[in-house]
Amino acid sequence: MGMTDVLIVGAGPTGLVLACDLARRGVAVRIVDRSPAPPRTSRAKGPNPRSLEILDDLGVAEEVLAAGSDPLPMLKYRDRRPVAEADPWADSAPSPDARYGRGWLIAQWRLEGILRDRLAGYGVRVEPGREVVGLAQGRDGGDGGHVDVTYADGPAGRARYVVGCDGAHSAVRKLLGITFEGTTAEDQVMVCGDVDLADGALDRTRWHQWFDEDGAVMLCPIPGTRTGWWFQAGPERDGRGRPLAPTADGFRRLLAHHTALPGRALTRAELLSTYRVNVRMADRFRAGRVLLAGDAAHVHAIAGGLGMNTGIQDAFNLGWKLGLVLAGHADAELLDTYEEERLPVAARTLDLTSERLRATLEAIRRPGGGLDAAITPDTTGLGVGYRWSSLAAGGRTPGAEQPGPRAGDRAPDAPCADAATGERTRLHRVFAGPRTTVLGFGPGSAAVLRETADAYGGDAGVRVCRVYAAHEDRAGAEPGAVVDDAGHAAAAFGTGASGDTGAGTVVVVRPDHHVGVLAPADDARSVREYLRRLHGTGRSAERSPGMVDAVR
C-alpha cells in the first residue's frame with residue numbers, strides 16, 4: 001500500500017484550493033470525490049476580494065476574471081413592477097492596499113474547472129467515484145503515524161494526513177465522531193436551480209429580485225452563458241403549508257406568479273435543490289492526523305455569500321502549515337494553529353451571516369428592499385485576521401499613534417517597482433508562491449535581511465525583500481528588492497518614511513499573507529525565533545553563534 005502525504009476528501013473549491021497549494025509545494029497529494037463526475041453546482045456566486053487574492057497567489061485570478069463578470073446592480077420589484085435599484089458595489093474600487101475592491105461573479109462549476117486544470121498542471125487529477133467509508137489512525141516505527149483509509153470499493157489507501165473537504169454532510173467528520181452543533185431552520189427554505197430563459201426575456205445586466213408578500217423570485221444571469229440564469233425562490237407549499245420539492249414546472253408557476261414573464265419563458269431547469277438555513281459548526285477542526293475544512297467544519301446562512309469563501313480561506317490557512325510540517329521544518333504542533341485561527345473565524349462568520357440574513361428578511365418586507373442588505377464591508381474577507389493567535393508574535397503593537405497592521409492581520413498590498421528593472425509590481429506579487437517573506441524597511445533592516453538570507457538562503461521556503469523609499473540610494477540592491485516609489489508600502493505598514501534616522505522596520509509575512517512579526521529592525525531576535533518556529537534553524541545554525549544563543 002503506497003503512502004501519500006495528504007489525502008483530500010472532496011473536490012469542491014475548498015479541496016481544490018488546498019490541493020493546488022500543496023501540489024506546488026511538492027507535497028504528494030491525492031484528491032478523491034464520491035461523485036462519479038464533477039458536480040455542476042451553482043450555489044456559490046463567486047469569490048470575494050480576499051478569495052481573489054488567494055486565487056491570484058495560486059496563479060488563476062486572470063482566468064477567473066475572464067470567465068466571470070463584475071457583480072451586478074440589483075433591480076427590485078413589488079407586484080411585478082420595478083420599484084428600486086441598488087448597486088451595493090458602486091463605491092467599491094481597488095485601492096493601493098487591496099487590488100480587488102469587490103467580489104466577482106462566476107459559476108462555481110467554472111471556478112472548479114479552472115482549479116482542476118491548474119491542479120492537473122502539477123500532475124494531480126481528481127479521482128472520481130471514491131467514497132470514503134473508514135478511517136483508522138495508526139502509528140508505525142519510522143514515520144510516526146498515518147491514516148488508513150477504506151473506500152466503498154477498490155483498494156484501501158494510506159496517508160500521513162487526511163483533510164475532509166467533503167461538505168456539510170461530511171463523511172470524514174462523521175467517521176471521526178465530531179459533533180456538528182447548531183440549528184436547521186425548517187421554515188427558512190429556498191429552492192434553487194440553473195435555468196434557461198427565452199433569449200431577451202430579461203435584461204442580463206441586472207440581478208432581478210421580486211419580493212412579494214407571499215414569496216419571492218430572484219434571477220441572476222450566469223456569466224459566460226447566453227441564456228443561463230441562477231434561479232432562487234421561496235418554495236411552493238402544499239395545503240398544510242409544507243414546502244414542496246423543486247421541479248421545472250414549479251419554477252414556471254413561481255415565475256408566472258411573481259414576475260411579468262409567462263411560465264413558458266423558462267425553457268430549461270436543472271441542478272434543482274432545496275436550501276435550508278443551517279447554522280452549524282464542528283466543535284473541533286482536527287482529530288490527530290485528520291482535519292476538517294470548509295462546509296465540513298461549518299455551515300451558515302447564505303447571506304453575504306461567505307460559504308465558499310470561508311472554505312477557500314480555510315484551505316489557504318492550512319496548506320502552508322501542512323507543507324512545513326511534512327517537509328520536517330516545523331513541529332506537528334503548528335497544525336494546532338489551524339483550528340486556533342479558523343474556528344473563531346467560523347464562529348464569527350456564523351454570527352455575521354445570521355445577522356445579515358435577519359437584516360435581509362427584514363428589508364424585503366418593505367417594497368424596494370433586497371439582497372443588498374446582506375452586503376457589508378465585513379463580507380469582503382479583507383478584515384479577517386488572527387490577532388489572538390499564538391502565531392501572532394510580539395514585536396511592536398501599534399497604538400493609536402502607530403498606523404498599520406498588527407501581528408495576525410492580513411498584510412496589505414501596495415504598488416511598487418522592481419529595484420533592478422523598474423518594472424511595476426506590488427507587494428502581494430512579492431508574497432506570492434509558497435514562501436514566508438521578510439520585508440525590510442529602512443537602511444537599519446539590512447543586517448536582519450542578510451542574517452535571514454544567510455540562514456535560509458538555500459531553502460526556498462523563506463525569501464527576503466528590501467523595500468526602498470523613493471529617495472534612498474539603491475546601489476547594490478539585492479535581487480528581488482522593490483522601490484516604494486509612491487510611499488504606499490510605508491503608509492500601509494505604518495513604518496513612516498523609510499529614510500528616517502530610526503532603525504527601520506522588519507515585517508515577517510506568512511505564506512498566507514498574514515503578518516507574523518512586525519518589529520524594529522534592531523530586534524533580530526523576534527525575527528529569528530519566529531522563523532525557527534516555522535522553518536527550523538536553517539543552514540547556518542552551526543556556524544552562527546547568534547543563532548546558537550537564541551536556541552538556548
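The structure is a predicted model. Its protein chain has an average pLDDT of 88, and 91% of the residues score at least 70.

**Confidence**

- Strand β2 (residues 29-32) has the highest confidence in the protein chain, at a mean of 98, whereas helix α13 (residues 545-551) has the lowest, at 32.
- The pLDDT is below 50 over residues 497-501, a stretch with eight contacts in the model beyond near neighbours in sequence.
- Residues 540-552 also have a pLDDT below 50, and this stretch has 14 contacts beyond near neighbours in sequence.

**Helices α7 and α8**

- The axes of helix α7 (residues 307-326) and helix α8 (residues 336-363) come within 10 Å and cross at roughly 170 degrees.
- Because angles over 145 degrees count as roughly antiparallel, α7 and α8 are roughly antiparallel to each other.
- On the α7 side, the contact is made by Thr310, Gln313, Asp314, Asn317, Leu318 and Lys321.
- On the α8 side, Thr337, Tyr338, Glu341, Arg342 and Thr349 take part.
- By class, the residues of this contact are two nonpolar, five polar and four charged.

**Cysteines**

- The count of disulfides comes to zero, with a pair of cysteine sulfur atoms required to lie within 2.5 Å.
- The closest cysteine sulfur to that of Cys416 belongs to Cys465 and is 7.1 Å away, which is too far for a bond.
- Cys465 is accordingly in no disulfide.
- Cys416 is buried, with a relative accessible area of 1%.
- Cys465 is buried, with a relative accessible area of 1%.

Conventions:
Residues are numbered from 1 along each chain as its sequence is written. This is a predicted model: local features need pLDDT of at least 70, side-chain atom pairs count only at pLDDT 80 or more; totals for chains, interfaces and linings use all residues. Side-chain values use heavy atoms; hydrogens and water are left out. pLDDT is the predictor's confidence in each residue, from 0 to 100. Helices (H or I, at least four residues) and strands (E, at least two) are DSSP runs, numbered from the N terminus. Contact means heavy atoms within 4.5 Å. Axes are lines fitted to C-alpha atoms, for helices over the stretch in contact, and angles run from 0 to 180 degrees between N-to-C directions. Angles under 35 degrees count as roughly parallel, over 145 as roughly antiparallel, 65 to 115 as roughly perpendicular and the rest as oblique. Ala, Val, Leu, Ile, Met, Phe, Trp, Tyr, Cys and Pro count as nonpolar, Asp, Glu, Lys and Arg as charged, and the others, Gly among them, as polar. Buried means under 20% relative accessible area, exposed over 50%, partly exposed in between (1.4 Å probe, protein chains only).
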